[in-house]
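Good morning, and thank you for coming. Please look at the sequence and the structure as they are shown.

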Amino acid sequence: MILIVIIILVLIVLLLMAYNISIHKKIQAFQNLNQKITSLNVLQEFMNTISEVTSVDEKIKKINEILIERYQIKYSTIVIYNGTDYIVKASNVDEKHWDTLRNLHNEEIFKDSINTATPKYITIEKEGERLPYQKMEFGRAKSAMFFPLYVENIYIGYWIIEGNKPHEFDNIDTTILEVIRNNIVSVLKTVENQQVIENIVRDDLFSSLKSAEYLYGEGKKVIDQYTTSTICLFRITNLEEINEKFGREVGNQIVTEVSKIVKSSLAEEYIFVRYMGPKFAIAFSGIDIDAVGNFLKEIKPKVENTEVEVEIQGKKEIQIAKPKLNFVVSTYYKRTALEGLTKKLEEYLDNAPKEESTINYL
């Protein structure tokens with residue numbers, strides 16, 4: 001009888017053990033699934049951040065905030081090498097520690113990680129110790145994971161996460177962290193072209209206007225605050241003729257006068273740039289094409305009545321140089337290809353007859 005009871009108890013224990021193992025596997029499967037869902041959600045947030053009308057630096061900071069919030073990371077810092085210096089692009093660490101964080105590439109403990117493109121995990125073993133790269137600070141970070149960042153085998157910087165407990169990342173899923181690291185790299189690669197555009201914006205000497213690149217960077221932030229806007233390109237159709245007849249100095253005066261008149265007639269929220277040579281672009285943010293057409297009908301004769309007096313050398317004679325303008329306008333829809341639209345308008349102006357001087361709608 002006792003033997004039967006023991007056998008039954010053993011069977012019950014075995015069944016419970018099997019049940020617990022099954023439950024543990026289900027919990028692990030659920031956790032893995034949950035981590036995958038979280039990673040997909042984070043990736044979607046990354047993609048949304050890329051499409052936002054913000055600067056590259058703002059996008060990187062937003063990405064870092066997403067990482068900290070969604071993965072409950074104590075400290076997260078993204079450092080980028082711009083070819084000359086290491087720049088802290090995003091961090092929730094107090095700025096007094098940024099000099100240390102931007103110089104981690106010089107630390108022996110991380111050099112091999114950078115050379116081999118592999119992560120490095122370090123932690124203290126007991127209270128009172130500090131991480132190798134910490135110079136003056138105690139207590140802030142007690143464990144860290146360092147991830148070198150590469151774009152197409154080119155080293156561009158690193159991402160480091162830090163915890164305030166020893167061995168904090170012992171059980172973290174490094175696969176997920178690798179996915180995050182790859183997503184960071186993808187974002188940096190995606191916004192690279194935008195950063196180039198932001199860095200090459202210049203002020204035009206004669207018109208005092210921003211160059212065309214401004215339209216696609218800072219200007220687009222303003223334009224995309226509205227569902228639809230109107231884009232206008234216009235050309236001083238006789239600028240080459242003026243340059244040839246009176247000289248480039250007179251042509252530059254024409255550019256200056258045209259720019260002054262148009263700019264003084266525009267509201268501040270409209271973007272006005274010197275597009276290229278005799279061509280200019282105006283983005284009428286949030287304004288429909290009919291309203292813009294009425295405005296252009298008023299401004300066109302005003303500009304074309306502008307006169308620049310030219311004294312003919314060797315003669316007691318004054319001649320007049322007057323600009324002629326050809327306009328083309330079209331509707332722009334939020335977050336569509338602005339550069340594609342301006343290219344289409346530019347092609348129209350370039351292919352239009354030289355004598356054409358009107359307002360065209362595409």
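In which loop is the place of His 167? Before I answer, please note that this is a predicted model. His 167 is in the loop between β5 (154-163) and α5 (174-190). Most residues other than glycine have a negative phi. His 167, however, has a positive phi near 60 degrees.

At 34% relative accessibility, Ala 117 counts as partly exposed.

Let us turn to helix α11, residues 289-304. At the start of α11, a side-chain oxygen of Asp 288 comes within 3.0 Å of the backbone nitrogen of Asp 290. The buried residues of α11 include Val 292, Phe 295, Leu 296 and Ile 299. Among the elements that cover the buried residues are β7 (228-236) and α10 (248-265).

The axes of α10 and helix α9 (residues 239-246) come within 7 Å and cross at roughly 145 degrees. In this contact, residues of α9 including Leu 239 and Phe 246 meet residues of α10, among them Ile 254 and Val 255. By class, the contact has six nonpolar, two polar and one charged residues.

Finally, the structure holds 15 aromatic pairs. One aromatic cluster includes Tyr 81, Phe 110 and Tyr 158.

Technical notes
Residues are numbered from 1 along each chain as its sequence is written. This is a predicted model: local features need pLDDT of at least 70, side-chain atom pairs count only at pLDDT 80 or more; totals for chains, interfaces and linings use all residues. Side-chain values use heavy atoms; hydrogens and water are left out. Helices (H or I, at least four residues) and strands (E, at least two) are DSSP runs, numbered from the N terminus. The expected span of a helix is 1.5 Å times one less than its number of residues. Buried means under 20% relative accessible area, exposed over 50%, partly exposed in between (1.4 Å probe, protein chains only). Contact means heavy atoms within 4.5 Å. A polar contact is a pair of N or O atoms within 3.5 Å; within protein, one must be able to donate a hydrogen and the other to accept it, and residues adjacent in sequence count only if both atoms are side-chain atoms. Axes are lines fitted to C-alpha atoms, for helices over the stretch in contact, and angles run from 0 to 180 degrees between N-to-C directions. Ala, Val, Leu, Ile, Met, Phe, Trp, Tyr, Cys and Pro count as nonpolar, Asp, Glu, Lys and Arg as charged, and the others, Gly among them, as polar. Rings of Phe, Tyr and Trp (its six-membered ring) pair if their centres lie within 6.5 Å; planes under 30 degrees apart count as stacked, over 60 as edge-to-face and the rest as tilted.
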